[in-house]
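Dear colleague,

Please find the structure below, with its sequence. My notes on it follow, and I would be grateful if you read them with the structure open.

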Amino acid sequence: MPPKRVDPLQFLTSSTVAIVAGKGGVGKTTVTAVLARAAIRRGLRVLVIELDGKPALSRLLPDVEVLQLSATAALAEYLDTHGLSLVTKRLVSSGIIDVVATASPGIDDIVVLGKIRQLEQSGRYDLVLVDGPAAGHAITLLMSAKSMRTTMRSGPINAQAADAAAMLADPTRCQVILVTLPETTPMNEAVETAFALEDRVGVHLGPIVVNGVDAGPALPADAAPVGSPLRVAAEFRNTRRLLHEAACRDLGDMLALPQIVLSHVPGARLDTASVEALADELDPR
Amino acid sequence: MTTLAAHLAAAEVVICCGSGGVGKTTTAAALGLEAARSGRRAVVITIDPAKRLADALGVPGGLGNDPLRLDVPGNGELWALMLDTATTFDGLVRSNAADAEQAERILANGFYRNVAGSLSGTQEYMAAERLHALHLDPRFDLVIVDTPPTRSALDFLDAPGTISRFIDHPLFKLLMMPTRRGLKVLNIATQPLLRTIGKVVGGDVLADAVAFFQAFAGMETGFRSRAEDVMALLHSDVTRFVLVASPREDTIEEARYFAKRLHQTDLEVAAIVVNRCTPEFGEPPAKRPKPAAQAVLYDNLVELRANAATERHQAAALLSTTGVPRDVHTTWVPTLPGDVHTLAALATIRTLLFG
């Protein structure tokens, strides 16, 4: 089935929080930068949150507010504001905070979601874009709201989890934007993640982004002699384009989500100009 | 013999590290194929939850914790396994416990069951433990490790004192007060810090943790000497580290991190593999052809060559900032148009890597 055309303003304003998720190497950071750029152009007040501390987005989005959010920092801040300020410093400096996080699986995820929710509620942003964790962890992160409510039946963590769960369940407040590549393995993983997120988390899925697509017409490869550089290059391009086209089609069959297709950007280093060019694809000027 | 092959011919342990999505698993499997082809008996350990090695090696039922022999060409052998952290940890506990009773007490403990496996560093430590055991296994003369795609993948490189993450874990230190007669478990009720932690994580979790460390007492020595053996192996001249990246800034950024991490531990990168490069197709004709169809092909070739040149130039510049010496052998592997999930595709990758 042909993918539906996506209206960028419609989906970028349909929820305040948008979590960009996908497995490592699919270009989550690229997609986050492009979505942020498109939102800025439409006049939205945008906050970008980077999890997992690999700062790259401030370079790509020099004029956008970018917040680095680490689970440890969020947990320390949480303990600090919940009457445990005296021990927080020692917990952090001794490394015991990691044990608190591990001994009580999900607690760090909950405080990260809590922090995102707090920023959502602040009223300062029209769009809070989260450059999310890898696909496997995205499910754990988003599941944490549900699982914490069953393991901790009362207390501050339970309240925090309930608030986070309410945010996740409300499509006008939060959506997940999955990112994948036009290749079999990442696509299958994206489909699995999509089903897991819908069934187990109940979070609203926004459009799925297929990144790094080489689209274009078939080249007349047989106009050049077999084995010549012209011919081999054309055959490579044709094979890749056919595979990418088939991948987008298969993805549309497997997942009834609107698709955003972003072009393959040549070179090793993404720059602000390529982010602008990709934003043009998403939302032509 | 190419430089990469020469580098790896003398190795008994090869550790592939790099970020996710760069074809690290594929590279590990291709190194295994090459070893088997040259008559060696190689085993590949993967920790990849996505089971991609099984896909790449064409194992329909998937891989388990025990090595499985694969049907590959050559005089040698290729085996593969998927590390099961919990099973490996259980085995380590059994072999270090004073008696079966101590082992059972630990294995049945709630903290051990729920938490031990997910404490930071446990998976990496178990990978190192497994690597050591397989290195001693007479069935194999080469062990290839496909590390998990996280920054903690090299945590087992920490000094022998901290490799056994448990004994040196802050919680263990907090709970077990060293005394002249050995280790003693502190009383939680008298410790304000522990009471606070108990409030946050729940008292049951903490009580289980204390019981776990009590049961663990006496086993540290065994764990520690084992950790030192592992360290010695990693630092010996039979072990080689291969950095895997793709021609993209984020993956080279990760390579830089790993290179630095190795260097801090007095280890060096033996070789770099850059996967998924835009292929080279050869020179275009001197002039753009007149016929429309051929002109289109000419433009395509020129575009792809320009892309490849930009990519190579930028990637090489980024690689030069990783701190890896320039004379370290770098193999640029062209991308295949499709996924690598068959033995045939893997054989193509092997050819691209080794010729």
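Which residues does B:Cys16 touch, not counting residues up to four places away in sequence? They are B:Lys24, B:Thr27, B:Ala28, B:Ile144, B:Val145, B:Asp146, B:Thr147, B:Val242 and B:Val244, where two residues are in contact if their C-beta atoms, placed from the backbone, lie within 7 Å.

This is a predicted model, in which local features need pLDDT of at least 70 and side-chain atom pairs count only at pLDDT 80 or more, while totals for chains, interfaces and linings use all residues. Residues are numbered from 1 along each chain as its sequence is written, and chains are lettered from A and ligands numbered from 1 in the order in which they are written.

Confidence

The model scores ipTM 0.84 and pTM 0.83. For chain B the mean pLDDT (the predictor's confidence in each residue, from 0 to 100) is 81, and 77% of the residues reach 70 or more. The pLDDT is below 50 over residues 159–165 of chain B, a stretch with 19 contacts in the model beyond near neighbours in sequence. It is also below 50 over residues 178–183 of chain B, which have four such contacts. Where pLDDT is low, the predicted coordinates should not be read in detail.

Chain B

Chain B has 15 helices and ten strands; helices (H or I, at least four residues) and strands (E, at least two) are DSSP runs, numbered from the N terminus. Of its 355 residues, 46% count as buried, that is, with 20 or more other C-beta atoms within 10 Å of their own, C-beta atoms being placed from the backbone.

The axes (lines fitted to C-alpha atoms, for helices over the stretch in contact, with angles from 0 to 180 degrees between N-to-C directions) of H2(B) and helix H15 (residues 343–354) of chain B come within 9 Å and cross at roughly 80°. H2(B) and H15(B) are therefore roughly perpendicular, a term for angles of 65 to 115 degrees. Among the residues making the contact are B:Ala30 and B:Leu33 of H2(B) and B:Leu346 and B:Ile349 of H15(B).

Chain A

Chain A comes to twelve helices and eight strands, and buried residues make up 49% of its 285 residues.

Helix H2 (residues 28–41) of chain A has 14 residues, which at 1.5 Å a residue should span 20 Å; the end C-alpha atoms are 20 Å apart, which agrees. The expected span is 1.5 Å times one less than the number of residues. Twelve of the 14 residues in H2(A) are buried, including A:Val31, A:Val34 and A:Leu35. A:Gly43, whose phi is positive, near 85°, follows H2(A).

The axes of helix H4 (residues 71–80) and helix H7 (residues 107–121) of chain A come within 8 Å and cross at roughly 80°. Among the residues in this contact are A:Ala71 and A:Leu75 of H4(A) and A:Val111 and A:Val112 of H7(A).

With kind regards

Notes:
Parallel < 35°, antiparallel > 145°, perpendicular 65-115°, else oblique.
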